[in-house]
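Have a look at the sequence and the fold below, and then we can go through some helices and strands together.

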Amino acid sequence: MITSITSARQRILALLGGISMYRMVLFSLVALTAIAVVLSALGVIVSPTPLEILVSLVVLAVVISLVDAAAQRILRRPWRIESSLVTALILLFVLRPGIEPSALLGLAIAGIVASLSKYLIVWRGRHILNPAAFGAAVVSILGSFGAFEWLGTSSSWWVGTPSLLIPVVILGLAVLWRTEKVRIVVVFLVIAVAVSVLRQAVQAQEASFAFDVGTALSFAVLQSPFLFLGAFMLSEPLTLPPRRWQQFSVAALVGVLAGWPIAVGTLFTLGQERALLIGNLLAFAFALRGSVKLVLEKRRSVTPTAQELTFRVEGPVKFLPGQYLELDVPHRRPDVRGTRREFSIVSAPADLPTLRIAYKHGDQAHPSSYKRALADATPGAGLAVTGTWGDFLLPREETPVLMVAAGIGVTPFVSQLRQLQLTGQRRDVVLVYVASSSAELAFRDELVETGARVIVFTRDEPSDLPAHWSWAQGARLDAAGLERHVHDLDERHSYISGPPRLIADLAPALRKARSLTTDAFAGY
């Protein structure tokens with residue numbers, strides 16, 4: 001059952017992987033807006049009206065686009081309209097739409113504040129606060145003061161209505177599968193709903209009202225904005241911490257605060273968007289870490305399409321075999337994806353102060369500004385590691401292990417096998433290595449030295465295979481092929497590093513494995 005779910009999840013991820021994260025969010029929000037307009041026109045949604053929705057969206061989109069375009073011009077960065085439209089669409093569902101001048105002015109102010117926060121409230125290229133949540137919070141808090149009562153909008157979260165529940169669930173799942181944040185948001189939803197039900201029970205007792213669990217649960221699920229908040233705002237990668245346990249911690253905190261809003265004096269409460277902002281601050285606290293300087297010593301091609309970079313570490317770096325690092329490459333005019341990327345570490349902890357990473361190059365017609373900057377880095381260049389993370393770790397007990405790697409996905413396994421070799425540990429390991437051709441088998445010499453048994457799946461036969469390596473006779477790796485070449489799957493902890501489609505294809509065989517840990521990459 002678990003493996004079937006894994007297969008379905010990876011197939012969906014493979015399908016969605018061809019769409020960038022920003023475009024997936026944009027398409028989903030546009031679809032949700034169109035549905036809301038239709039439902040409003042049919043009278044299913046009484047307020048706002050179709051005209052209020054459309055006029056408010058135009059104002060938000062124009063204001064945010066103008067501010068973003070001006071800021072990017074000043075910073076000499078390329079402007080990407082997707083980011084502007086996503087912020088506008090989220091604010092549309094958070095704030096109360098309207099066509100009165102005061103309402104439109106309030107929406108415009110929220111859009112300006114949200115857009116400016118992207119450039120003023122940042123740290124190392126990462127948003128500290130969710131822009132839409134910050135813009136909505138500022139306008140709502142200002143409106144609670146007498147001097148700003150003229151503002152005709154505030155946080156209403158009108159998206160939290162039963163008629164939009166199913167569209168939000170379907171479109172939200174598409175976004176969460178693309179960003180691989182389903183479990184994070186599920187934790188948030190469970191906690192937020194549970195706390196909301198508890199709050200309603202306490203309030204009913206204080207007011208001497210009868211309390212019905214079903215009614216309270218229905219209200220928390222059907223008439224709250226929890227689903228939208230989790231799917232389209234909490235899941236934003238730029239405001240989440242990198243480690244899984246840290247993300248769960250942020251999700252839990254936001255769930256508690258969203259489920260039980262805290263009153264701040266008599267003026268306002270810490271509502272949904274303010275709960276998210278507090279979660280953003282916790283994420284920022286997790287991200288406050290010192291960077292360690294790396295000096296590039298050399299680069300070399302490990303396959304026709306992959307390069308390895310070797311660095312000298314100037315400072316303390318700790319990592320476990322199988323983890324990844326975040327590499328900061330400052331450069332002029334970075335695009336919207338920023339100056340940082342994550343790379344699996346090729347070298348072993350025992351290799352320090354030498355540290356190596358590898359990446360594919362030349363596989364995109366229009367590479368990002370980051371990839372171009374990394375390709376231009378020459379020996380002697382100073383870069384920075386801003387952290388090492390990951391849970392793709394071998395089991396502590398000395399049980400048999402199966403490693404399945406596709407192409408450059410072999411990098412975490414090189415680190416793990418090399419660490420075992422350098423520390424004199426002996427493990428029963430089988431590595432299934434999939435590549436488009438024998439020329440694409442990276443780190444072959446290092447893998448040979450580790451003594452691990454390797455089964456190669458390539459179209460052409462590699463030359464001079466050592467005794468403990470075998471070629472799968474040009475067969476394509478699928479579930480049947482995996483079972484045919486690895487007879488003791490049920491005794492092995494299985495690890496797969498590769499594209500989601502490969503993981504989905506192998507799911508029927510991995511149903512027999514002792515356990516399964518995946519490291520999927522769908523592109524971005």
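Predicted model: local features only at pLDDT ≥ 70, side-chain atom pairs only at ≥ 80, totals over all residues.

The axes of helix α2 (residues 21-41) and helix α3 (residues 50-75) come within 8 Å and cross at roughly 150°. That angle makes α2 roughly antiparallel to α3 (the term covers angles over 145 degrees; axes are lines fitted to C-alpha atoms over the stretch in contact, with angles from 0 to 180 degrees between N-to-C directions).

**The α2 and α3 contact**
- On the α2 side, T33, A36, V37, S40 and A41 make the contact, and on the α3 side P50, I53, L54 and L57 do (contact means heavy atoms within 4.5 Å).
- These residues divide into seven nonpolar, two polar and no charged.

**Helix α5**
- Helix α5 (residues 101-120) should span 28 Å for its 20 residues at 1.5 Å a residue, and its end C-alpha atoms are 28 Å apart, which agrees (the expected span is 1.5 Å times one less than the number of residues).
- Among its buried residues are L107, V113, K118 and Y119 (buried means under 20% relative accessible area with a 1.4 Å probe, protein chains only).

**Strand β7 and its partners**
- In strand β7 (residues 324-328), four of the five residues are buried.
- Five bridges join β7 to the antiparallel strand β8 (residues 340-344), where E342 stands opposite E326 (strands pair if DSSP finds at least two bridges between them).
- Another antiparallel partner, β10 (residues 382-389), is joined to β7 by five bridges, and V385 in β10 stands opposite L327.

**How to read this**
- Residues are numbered from 1 along each chain as its sequence is written.
- Local features need pLDDT of at least 70, and side-chain atom pairs count only at pLDDT 80 or more, while totals for chains, interfaces and linings use all residues.

Notes: Heavy atoms only, no water. Buried < 20%, exposed > 50% of the residue type's maximum accessible area, 1.4 Å probe, protein only. Helix = DSSP H or I, 4+ residues; strand = E, 2+ residues; numbered from the N terminus. Parallel < 35°, antiparallel > 145°, perpendicular 65-115°, else oblique. Nonpolar A, V, L, I, M, F, W, Y, C, P; charged D, E, K, R; others polar.
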